[in-house]
Amino acid sequence: MRKDFTNYVKYDIISPLTVYADDRKEKNTMWNRKNEANYLGQILLEQEADSKKKRRDKNATQSSKWNLVLPQNYERILQRFWGTSEFGELLEALTREQRKRMYESISDAMLEKVFCEVPDVVQERIAECSFERLERFFNEASISQAYPVFMLADFDLQCLVVTDMLSQESLMAYARYGSANEDKESFLRVIEKIYVEGRIIQRKCFIRKLALMPAEWIAKLLEKYNSELACAILEEMEAEHKHETFQAIRKEALYAVLRRCNFLLIDKTKSFPISRLTDEERRSVFEILRQEWKPSEIRQFFCTDDFIESFYPIVSLADKEYLLYEVFLANELPIVYQRLQISERREMILLMIGEKGTTQYDYVILEEAIEVLEQFASDGLDYYEQLTLEDLRERVLKVSE
């Protein structure tokens, strides 16, 4: 009669079997490990023997010897030959794969030497390096080591480094380093060229990255390069950063920046320091605005305070008349009047009622002039203002009759 399986459990027969199986498995594992250790030891002995043969073989190539060198010794070897003609010969003797392995193991300082040792083949050397190693190098190497390699690289790689590899902090470091050294404009030129000619997939992200750059650097960009790029950057900048940037532009270059960008810089921001321009430059700005834009469009360039403080006192009578009739709103005229000197107030009223100026308008704004004077009547008008107000009121009555 066949025993039931439960009897094995009942009489503890299964437990010793299980222990035996586990013990056998552990012994097998130990044997495998010992066997593995013996095999690795054998390989190392063979490698050592092979190494001895290579050392003694006068016909062995540098490349074949290099295969026996441990990665941690690459730096020592290169350091030994750095500065001699043998350095370049050693690099040339290695295969492409050997150089690739070497790039992963050597320091950033040595990698810079390898790249720049022969400028004619720098692009070939960089192309052998993995993306990850290049990314570490351009972000973690000292800027004095990474920057020369960046400038020696071809345009496609420069574009890749700026848009895909450099962190925001590293990009700022490159900008500062370029500005502080004799090739201060070269990095700016690269950035401008990337925007114009580069194949940028995420252009918006690239612009946002540039918008966080130091104010002094962006100011140089505005002074020297592409106006479209400058405007795109300004659109992404915070108001305070815009103000810092405009203040960083050299005063003598501010007007040239405006002209080069066709005054779009003013249109993109309300923080443009128009007061930094000379009187002559401001007159020229207003003349161009008047010629090229409608009054409603001109108002988008500056706030009322800018027109009152920076333009109205220094422009011609014809331009003042244009401001009063076309640009300022009716409710802004009292504000203008209040901010002017006494002699300028009288001139303003005369322009409004058509008794001074170019008389190019076939109408006068008597009622607005009356409202301006009446708003200040409670504070007390001087003798001239009181006579003018009474005269204007009589005129209105005559017209209404």
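Predicted model: local features only at pLDDT ≥ 70, side-chain atom pairs only at ≥ 80, totals over all residues.
How are helices α23 and α25 oriented to each other?

1. Overall composition. The secondary structure of the protein chain consists of 27 helices and zero strands. The chain has 401 residues, of which 40% count as buried. When contacts between residues at least 6 apart in sequence are considered, 68% of them join residues at least 24 apart.

2. Helices α23 and α25. The opening question concerns α23, which spans residues 317–327, and α25, which spans residues 342–352. These helices pack at an angle of about 70 degrees, and their axes are 10 Å apart. Angles of 65 to 115 degrees count as roughly perpendicular, and α23 and α25 are therefore roughly perpendicular to each other. On the α23 side the contact is made by Leu-317, Lys-320, Glu-321, Leu-324 and Tyr-325, and on the α25 side by Glu-347, Met-348, Leu-351 and Met-352. By class, these residues comprise six nonpolar, no polar and three charged.

3. Burial in α25 and the residue that follows. The buried residues of α25 are Arg-345, Glu-347, Met-348, Ile-349, Leu-350, Leu-351 and Met-352. Glu-347, Met-348, Leu-351 and Met-352 also belong to the contact with α23. Just after α25, Gly-354 adopts a positive phi of about 80 degrees.

4. Helices α11 and α13. A further helix pair is formed by α11 (residues 155–165) and α13 (residues 186–197), which pack at an angle of about 95 degrees with their axes 10 Å apart. The two helices are therefore roughly perpendicular to each other. Helix α11 contributes Phe-155, Gln-158, Cys-159, Val-162 and Thr-163 to the contact, while α13 contributes Val-190, Ile-191, Lys-193, Ile-194 and Glu-197. The contact of α11 with α13 contains six nonpolar, two polar and two charged residues.

5. Helix α18. This helix covers residues 251–260, and its buried residues are Ala-253, Leu-254, Tyr-255, Val-257 and Leu-258. Just after α18, Asn-262 has a positive phi of about 55 degrees.

6. With neighbours within four places in sequence left aside, Arg-282 is in contact with Ile-274, Ser-275, Leu-277, Glu-309, Ser-310, Phe-311 and Ile-314. Glu-280 also has its place in helix α20, but this residue is exposed, with a relative accessible area of 62%. Although Glu-280 and Ile-314 are 34 residues apart along the chain, their C-alpha atoms are separated by 8.5 Å.

7. Thr-304 in helix α22. Thr-304 is found in α22, which comprises residues 304–311. Which residues does Thr-304 contact, leaving aside its neighbours within four places in sequence? They are Phe-328 and Glu-332. With Glu-332 there is a polar contact between the two side chains, at 2.8 Å.

Methods:
Residues numbered from 1 in each chain as written. Heavy atoms only, no water. Helix = DSSP H or I, 4+ residues; strand = E, 2+ residues; numbered from the N terminus. Buried < 20%, exposed > 50% of the residue type's maximum accessible area, 1.4 Å probe, protein only. Contact = heavy atoms within 4.5 Å. Polar contact = N/O pair within 3.5 Å; in protein donor to acceptor, adjacent residues only side chain to side chain. Axes fitted to C-alpha atoms, helices over the stretch in contact; angles between N-to-C directions. Parallel < 35°, antiparallel > 145°, perpendicular 65-115°, else oblique. Nonpolar A, V, L, I, M, F, W, Y, C, P; charged D, E, K, R; others polar.
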